[in-house]
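Dear colleague,

I am passing on the structure below, together with my notes on what turned up when I went through it. Please read the notes with the coordinates open beside you.

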Amino acid sequence: MATLVIITVLCVVLMVVAAWFAIRTSDLVSAVIGSSVVSLMASVLFLILHAPDVAMTEAAIGAGLSTFVFLIAIRKTERYEKDEEQ
Amino acid sequence: MKRVSLKKRFRVKNIFVFVVLVYLGFQMLSLGFLLDLKDVKGVAKYYLENDIKDTQSANVVTSIVVNYRGFDTLGEVTVLFLAATGLGAILSGYRKVKKQKILANTMLQYGSKPLLAIIILFGAYIFIHGHLSPGGGFQGGTVIATGFLLMLLALEGYEIKHGYIKWTESLAGLTFVTVGLFGLFLLGSFLADFLPLGKVGNLFSSGVIPIIYVAVGFKVGSELTGLLDNMMGVVE
């Protein structure tokens, strides 16, 4: 039980850090990797919450396929975000 | 109206959002760790209590998705089909890339081929055992599509035959609807379970669930493979 709580808290902290990084960075490839880390940690959380079906979906679609769809889209367009402030 | 940049708006709202998220996170923790199965009420209680009797499926999620709420799953598969068709329609005007700029190295090229077989085996295992273990048609299909994505990335000039994909997809969808119509004609309601239920834990058990989930697995796998192939092929 205590181990599960520690793993959960670690996952949540990592998710928040990765999501923050994905928002702040101007390199879109890094942002996509950040959001994929969020999905991966979410799938671990689903497993801890006794939802293995949802965890498998999240790992396969959220962390696997959608990351590659975003990466393909970035490869066809531009990699760096333009600065909005100017 | 003054245009406020996304980053500035984020800064104004973030304290409020942070508090709400921390609150929701603690709610979710308490849900996950403190939930007692005796507290489950209503239709969820019915599913948990009568799942074995009604469907003989060891996985309650699968019996809800395919048996109790099978018609919703048909709608879900249709939505996925429409999304893949729409993307294909948008991207069909572009010509295909024949050559990749950077070749994958030799280890990747030769190592990925046996890996494809293992990935497809794993995906098929997930959707064939959908009524016994976690997972099912959607998850298995996605795993298979990931295998073909590996081939598209690793091998130069790897082409997926769109004829095969179209036929697989159509046959799988047809199987789903045909099973539903059999239920309609034999038992009087669409997707009714007309096969013998068998014994819980066996591979050939729980009626129509394995047939439908294998069909869904083929359909999702071929759709996502076609979608990835469409996206990879667009010239920049």
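S222(B), at 8% relative accessibility, counts as buried, where buried stands for under 20% relative accessible area, exposed for over 50% and partly exposed for what lies in between, computed with a 1.4 Å probe on protein chains only. This serine is part of helix α8 of chain B, helices being DSSP runs of H or I with at least four residues and strands runs of E with at least two, numbered from the N terminus. The side chain of S222(B) reaches the backbone oxygen of K219(B) at 3.0 Å. Apart from neighbours within four places in sequence, S222(B) is in contact with I165(B), T168(B) and E169(B), contact meaning heavy atoms within 4.5 Å.

Before going further, please keep in mind that this is a predicted model, in which local features need pLDDT of at least 70 and side-chain atom pairs count only at pLDDT 80 or more, while totals for chains, interfaces and linings use all residues. Residues are numbered from 1 along each chain as its sequence is written, chains are lettered from A and ligands numbered from 1 in the order in which they are written, and side-chain values use heavy atoms, with hydrogens and water left out.

K219(B) also takes part in a salt bridge, with E223(B), the closest N and O atoms being 3.4 Å apart; the term covers a side-chain nitrogen of Lys or Arg within 4 Å of a carboxyl oxygen of Asp or Glu. Both residues lie in helix α8 of chain B, 4 residues apart, which is about one turn of the helix. E223(B) is buried at 3% relative accessibility, and K219(B) is buried as well, at 9%.

Over all chains, the search of the whole structure finds 3 salt bridges. One of them joins D27(A) to R79(A), with 3.0 Å between the closest N and O atoms. D27(A) sits in the loop between α1 (2-24) and α2 (28-48) of chain A, and R79(A) in the segment after α3 (52-76) of that chain, so the pair ties together parts that are 52 residues apart in sequence. D27(A) counts as buried at 11% relative accessibility, whereas R79(A) is partly exposed at 41%. There is also a salt bridge between K53(B) and D54(B), whose closest N and O atoms are 3.9 Å apart; here K53(B) is exposed at 58% relative accessibility and D54(B) partly exposed at 25%.

Turning to the cores, the largest nonpolar core has 27 residues, of which F176(B), I212(B), V216(B), L224(B) and L228(B) touch the most other members; such a core is a set of buried Ala, Val, Leu, Ile, Met, Phe, Trp, Tyr and Cys residues joined through side-chain atoms within 4.5 Å. The elements that give two or more residues to this core are α3 of chain A together with α4 (70-91), α6, α7 (162-187) and α8 of chain B, and the largest share, 10 residues, comes from α8(B). Not counting residues up to four places away in sequence, F176(B) touches a set of residues that includes G70(B), L74(B), L191(B), I212(B) and V216(B). A second, separate core of 5 residues includes C11(A), M15(A), M41(A) and A42(A).

As for how the chains meet, 27 residues of chain B are in contact with 25 residues of chain A. Together the two chains bury about 2600 Å², 72% of it on carbon and sulfur atoms, this area being the accessible area (1.4 Å probe) that two parts lose on being put together, summed over both. The elements that give two or more residues to the side of chain B that touches chain A are α1 (6-34), α3 (60-68), α6 (137-154) and α8 (209-233) of chain B, and α1(B) gives the most, with 8 residues. The count of salt bridges between the two chains is 0.

Chain A itself has 3 helices and 0 strands. Of its 86 residues, 33% count as buried, and its C-alpha atoms fill a box of roughly 50 × 25 × 10 Å along the principal axes.

With best regards

Terms used: A polar contact is a pair of N or O atoms within 3.5 Å; within protein, one must be able to donate a hydrogen and the other to accept it, and residues adjacent in sequence count only if both atoms are side-chain atoms.
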